Amino acid sequence: MSTIRITKQFNFETGHALYGYDGKCKNVHGHSYKLSVTVSGKPIADKTNVKFGMVIDFGDLKKIVNEEIVDVFDHATVFNKNTPHVELAKELIDRGHHVILVDYQPTSEMMVIDFAEKIKNRLPKNIKLHSIKLKETDSSFAEWYASEN
């Protein structure tokens, strides 16, 4: 049976700030992120399986990505916990805001690395994460490919 790639797309809104950056993105701002997750595997050949012909049920992939990424990052503000932004984060948390502290600079590049690990850890053993594309604007995005990592 052939190996097939399938892709599911997701949208979420997230704020962030890049501590120490020399441009506008040092300020707290947000993006309407578009995330594409591509996995690969062989379609299920067992005709008695309710998921016969599927690599993975799109609903199962959606559940994984929503639980690990979308539901966590949507309408949150992300800061690097190893910067003075932690003080701002504490103030926002005290005021009831959803803040995520990460141990990396929250750029699209670093976020796709984080997302890839989270998704890979949840996929069934017979399914491989092929790639992730994270668009922060219509013309700016980061990509992660398993073949390069």
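**Helix H2**

Modeller: In helix H2, which spans residues 85-94, the buried residues are His-85, Ala-89 and Leu-92. They lie on the same side of H2, because the arc they cover around the axis is only 65°; that arc is taken from the directions from the helix axis to the C-beta atoms. An α-helix has 3.6 residues a turn, so residues three or four places apart point the same way. The other side of H2 carries Glu-87, Lys-90 and Asp-94, which are exposed. Buried stands for under 20% relative accessible area and exposed for over 50%, with partly exposed in between (1.4 Å probe, protein chains only).

The model is predicted: local features need pLDDT of at least 70, side-chain atom pairs count only at pLDDT 80 or more, and totals for chains, interfaces and linings use all residues. Residues are numbered from 1 along each chain as its sequence is written, and side-chain values use heavy atoms, without hydrogens and water.

Just after H2 comes Gly-96, with a positive phi of about 90°.

As for the setting, the protein has 3 helices and 6 strands, in the order β-β-α-β-α-β-α-β-β from the N terminus. Helices (H or I, at least four residues) and strands (E, at least two) are DSSP runs, numbered from the N terminus. Of the 149 residues in the protein, 40% are buried.
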